[in-house]
Amino acid sequence: MNETVQPTATLAAPYLGHGQVLATENGRVLVALPGAKAWATLALGNGYTPVVGDVLLVIGKGDAYYVIGVIAGRGRTTFVAHGDLELQAPHGRIDLVARNGIALRGGLVQIVAKTWEAVAGTVRQRFDELCGQVKGVMRWRSGRAETEVDDVHRTSARRIVQHAEKDVSIDGEKIHLG
């Protein structure tokens, strides 16, 4: 990234400690060490890409330094599986936690569960088409419900029972009964 940044005198004694990222370049980072700056090769093996400002664990001596850990990072970790990937917790659970959100993307996303619970402050959904089927009872409880349909709204049932404690209004150009 920044070929003009040169390291200062490196450390003569072996070093194991923190280094703050000053610049990044093709698999290596320029780190500020106590009393020196040095280019360090990424040896993390976990798909982490450091960014300027990260604090990394650095080991090395002379002109050979390696990043072997992340102490405080804001970079991206990318894990690539060149085939199917399965995460298992046969005797526990899997929690995905992220402060800024979680995105699932795929041609097909399936959720198969004995029980599915969703708790959210707001839910927004957009579909080209939405089809649902409930084997037993479907219940909705809300403070208020509104439905807006651009074309035809059709309800078909063996029996329809509606109840209102106050007024019922039906407004239409024509109302056909029976």
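Student: Start with G92. Is G92 buried or exposed, and why?

Tutor: Exposed, because G92 has a relative accessible area of 52%. The cut-off for exposed is over 50%. Keep in mind that this is a predicted model.

Student: How do I read a salt bridge here, and how many does the count come to?

Tutor: Look for a side-chain nitrogen of Lys or Arg within 4 Å of a carboxyl oxygen of Asp or Glu. By that rule the count comes to three. Take R28 and E25 to begin with. Their side chains meet in a salt bridge, 2.6 Å from N to O.

Student: How exposed are R28 and E25?

Tutor: R28 has 27% relative accessibility, so R28 counts as partly exposed. E25 has 8%, so E25 counts as buried.

Student: Which other pairs form salt bridges?

Tutor: R93 and D95 meet at 3.0 Å, N to O. R93 is exposed, because its relative accessible area is 66%. R144 pairs with E146, and the closest N and O atoms are 2.9 Å apart. R144 is exposed at 67% relative accessibility. E146 is exposed too, with a relative accessible area of 64%.

Student: Where is N26 found, and is N26 buried or exposed?

Tutor: N26 sits in the loop between β1 (15-25) and β2 (28-33). N26 is exposed, because its relative accessible area is 80%.

Student: Next, nonpolar side chains on the surface. Which residues form the nonpolar patch?

Tutor: F79, L85, L87, I94, L96, I102, L104, V109, I111 and W116 form the patch. Together they have about 1200 Å² of accessible area. L85 lies in the segment after β7 (76-77). L85 counts as exposed, because its relative accessibility is 55%.

Student: And pockets? What is the idea, and what volume does the largest pocket have?

Tutor: Rolling a probe the size of a water molecule over the atoms shows where empty space is left. Here the largest pocket has a volume of about 700 Å³. Its lining holds 15 residues, and the closest to its centre are L96, L104, V109, Q110 and I111.

Student: What kinds of residue make up the lining of the largest pocket?

Tutor: The lining divides into 12 nonpolar residues, two polar and one charged. Now cross-check the names. L96, L104, V109 and I111 are among the residues of the nonpolar patch, and these four are also among those closest to the pocket centre.

Methods. Residues numbered from 1 in each chain as written. Predicted model: local features only at pLDDT ≥ 70, side-chain atom pairs only at ≥ 80, totals over all residues. Heavy atoms only, no water. Patch = residues over 30% accessible without salt bridge, like charges linked within 9 Å, V, L, I, M, F, W, Y side chains within 5 Å. Areas by Shrake-Rupley, 256 points an atom, 1.4 Å probe, with all protein chains shown as cover. Helix = DSSP H or I, 4+ residues; strand = E, 2+ residues; numbered from the N terminus. Buried < 20%, exposed > 50% of the residue type's maximum accessible area, 1.4 Å probe, protein only. 1 Å grid on protein atoms, 1.4 Å probe; cavity = no way out; pocket = protein on both sides within 12 Å on 5 of 7 lines; lining within 4 Å. Points joined across faces, edges and corners; volume = space filled by probe spheres on them. Nonpolar A, V, L, I, M, F, W, Y, C, P; charged D, E, K, R; others polar.
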